[in-house]
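Here is a quick walk through this structure, written for someone who would rather look at the model than at a table. Keep the 3D view open as you read.

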Protein chains: 2
Amino acid sequence: MVSFQEIIRSHHRIDKFIHRSKVLTNQSLDDLTGANLYFKCENFQKAGAFKIRGATNAVEQLSAKEIEKGVATASSGNHGAALAMAATRRGGKVTVVMPDNSSPKKVENVKRNGGEIIWCRPLQESREKVLNKFVQETGAAMIHPYNDERIIAGQGTVAMELLEDQPDLDVIITPLSGGGLLSGTLCAAKIMKPNIKVYGAEPEEADDAYRSFKAGIRLANKTTNTICDGLRAQIGVINFPIIQEMVDGIFTLSEQEIIDSMRMIWERLKIVVEPSSAIVLAAVMKNLRLFKNKNIGLILSGGNVDLDDLPW
Amino acid sequence: MVSFQEIIRSHHRIDKFIHRSKVLTNQSLDDLTGANLYFKCENFQKAGAFKIRGATNAVEQLSAKEIEKGVATASSGNHGAALAMAATRRGGKVTVVMPDNSSPKKVENVKRNGGEIIWCRPLQESREKVLNKFVQETGAAMIHPYNDERIIAGQGTVAMELLEDQPDLDVIITPLSGGGLLSGTLCAAKIMKPNIKVYGAEPEEADDAYRSFKAGIRLANKTTNTICDGLRAQIGVINFPIIQEMVDGIFTLSEQEIIDSMRMIWERLKIVVEPSSAIVLAAVMKNLRLFKNKNIGLILSGGNVDLDDLPW
């Protein structure tokens, strides 16, 4: 568990390095859903995703000596780019283990922010094996994309800002992959507003968290064949019990539902979000009765998408 | 000429019906251009473009009797949709004369907001002939998209808000077509801040305003073969002298320059803008030396674009 005090401390630690992202509303989507939607736009965040929060929070706590040995992670993209941005600012070398089916846009993002890439196969074991080997050989500081309390505390600052700006929320929905964002959101939101409902949204094609939650034990993904390239990871060891204890539910969404919602966000909110973000609107669209007349915070996690490869 | 007092009155008249659109900044585009860019996001505006300002300002000044006879205009899309939204709210019937090469997205927008469409050929004379005939037959109130002081005053509220929010601007650049937005911007900005520079940006493929400005007389477009479907109109009779008197310059941009800038805005600002909006960034990119270290307000006029027909 990460304390709310630690989330506040993390916000003080990182706030000069991040944007306080805007919250957008949209009358036509409110009319369509029968709810009041508040979109927390982390697609406008530095390096294009919320990941800069956790990455900066972790990197800022490293000593100069640790930074000197370099920093390493495994990431499908956004955490890698964020870590590269956070660590190169402190003069550290950053190595990112990336699955070889990563979005070209995200590969470019890692490189642009100064990260070096080591390729792995798109499987959880491959990621971890390659990363562990590198860390053992170099002594680099490993900063896991989600299974790390510094990361969870950093990601919790999204919900903290959102509830500061919109205190009357009844519900928050976050995308769900490894669980960094959702567990951070729970640790912030359930303290700030104990009666708030918090949900995670996950692709049907990578539904390990949903099945794990039902089974009461961490399970692996059976497939990761989803357009949501940010939501293919397995739920983390530290994240899972936090989610188990506090989450109000996990929704799974089909690929078509996610694509339809992505298009709706682009067309109506006029903003660029990646599929992994759009899943939160899909969760509302699929559960209109549950959310009727509610004030709903939707965390749009990022906007790093390849404009040459759109899903419509 | 439209007085600044009239722009203030217009803002009071329309402000409950419009959004005060956000102003976005972006570090990477500032680094790239060597300037400080402030993007006034009228793509987030009601009906997806700044046009709702002028349309609402005109419609709110009609009597109940005039509204009863209906409202009509000729428009390539955004003004038509805006007028439909503004007039149907007052219970009026709206007819829009649209060129038969209008973007399908914009046709849909006009219909969705309750407008009825009469088609014309994509030529200035055809537009005007069809519209005049309709107005004579029905007695509908004609609200021209730009050649109307009520429209100019409404569009001037964009720059008014922008300068209220960012008083330290050195420059404002607007897209330029019929001249409603540019003339309104001039009437607001040059009073609020007499030493500010104001420029218009126009496609090379529809450069009537640039040639008119040089010649000192209103000229017609030779072609309107531009991706900027919002920038194909001819500069207006009322608009031209205002622009002649006060504008600091008119830039013309190639199709490729416009497309490159559009992509840059989507990728870096993470927002959806139409080509007609992106032209203002193209004007900065092409004139880096002129704009070095300047604080530049860029009016992003709209975000109504067909996601199935992107130019890359």
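## A lysine in a loop

Let's start at A:Lys46, which sits in the loop between strand 2 and helix 3 (51–59) of chain A. Bear in mind that this is a predicted model. Is A:Lys46 buried or exposed? A:Lys46 is buried, because 23 other C-beta atoms lie within 10 Å.

Which residues does A:Lys46 touch, once its neighbours within four places in sequence are set aside? The contacts are A:Ile18, A:His19, A:Ile52 and A:Met85. As for A:Ser21, it is 25 residues from A:Lys46 along the chain, and the two C-alpha atoms are separated by 9.4 Å.

## A loop residue in chain B

Now hop over to B:Asn101, in the loop between strand 4 (94–99) and helix 6 (104–112) of chain B. B:Asn101 has 12 C-beta neighbours inside 10 Å, so it counts as exposed. Take B:Glu66 as a reference point: it is 35 residues from B:Asn101 along the chain, with 31 Å between their C-alpha atoms.

## Two domains in chain A

Chain A splits into domain 1 (4–49 + 149–300) and domain 2 (52–142). Their C-alpha centres are 23 Å apart. The contact between them takes in 24 residues of domain 1 of chain A and 21 residues of domain 2 of chain A.

On the domain 1 side of that contact, helix 1 (4–14) and helix 8 (149–165) of chain A each provide at least two residues. Helix 8 of chain A gives the largest share, 7 residues. Sorted by class, this side of domain 1 of chain A has 9 nonpolar, 10 polar and 5 charged residues.

## The six-stranded sheet

Chain A has an open sheet of 6 strands in the order 1-2-10-7-8-9, with mixed pairing. At its edges are strand 1 (23–24) and strand 9 (249–253) of chain A, each of which pairs on one side only.

Strand 2 (residues 36–41) and strand 10 of chain A run parallel, joined by 6 bridges, and A:Cys41 has A:Leu300 as its bridge partner in strand 10. Strand 10 is also parallel to strand 7 (residues 171–175) of chain A, with 3 bridges joining them; here A:Ile172 is partnered by A:Gly297. How many residues of strand 10 (residues 295–300) of chain A are buried? The count is 5 of its 6 residues, which makes strand 10 of chain A mostly covered.

Strand 8 of chain A is mostly covered, with 6 of its 7 residues buried.

## Helix 10 in chain B

Just past the end of helix 10 of chain B comes B:Gly216, with a positive phi of about 80 degrees.

## How the two chains meet

What superposes chain A on chain B? A rotation of 180 degrees with 0.0 Å of shift along its axis does it, at an RMSD of 0.0 Å. The two copies are therefore related as by a two-fold rotation axis. In chain A, the C-alpha nearest that axis belongs to A:Ile271, 2.0 Å away from it.

The contact between the chains takes 14 residues from chain A and 14 residues from chain B. On the chain A side there are 6 nonpolar, 3 polar and 5 charged residues. Because 100% of the interface residues of chain A are also interface residues in chain B, the copies meet through the same surface.

Definitions and conventions: Residues are numbered from 1 along each chain as its sequence is written. Chains are lettered from A and ligands numbered from 1 in the order in which they are written. This is a predicted model: local features need pLDDT of at least 70, side-chain atom pairs count only at pLDDT 80 or more; totals for chains, interfaces and linings use all residues. Copies are superposed by least squares on the C-alpha atoms of residues with pLDDT of at least 70 in both. Two residues are in contact if their C-beta atoms, placed from the backbone, lie within 7 Å. Helices (H or I, at least four residues) and strands (E, at least two) are DSSP runs, numbered from the N terminus. Domain bounds come from an automatic or database domain assignment. Ala, Val, Leu, Ile, Met, Phe, Trp, Tyr, Cys and Pro count as nonpolar, Asp, Glu, Lys and Arg as charged, and the others, Gly among them, as polar. Two strands pair if DSSP finds at least two bridges between them. A residue is buried if 20 or more other C-beta atoms lie within 10 Å of its own, exposed if 12 or fewer, and partly exposed in between; C-beta atoms are placed from the backbone.
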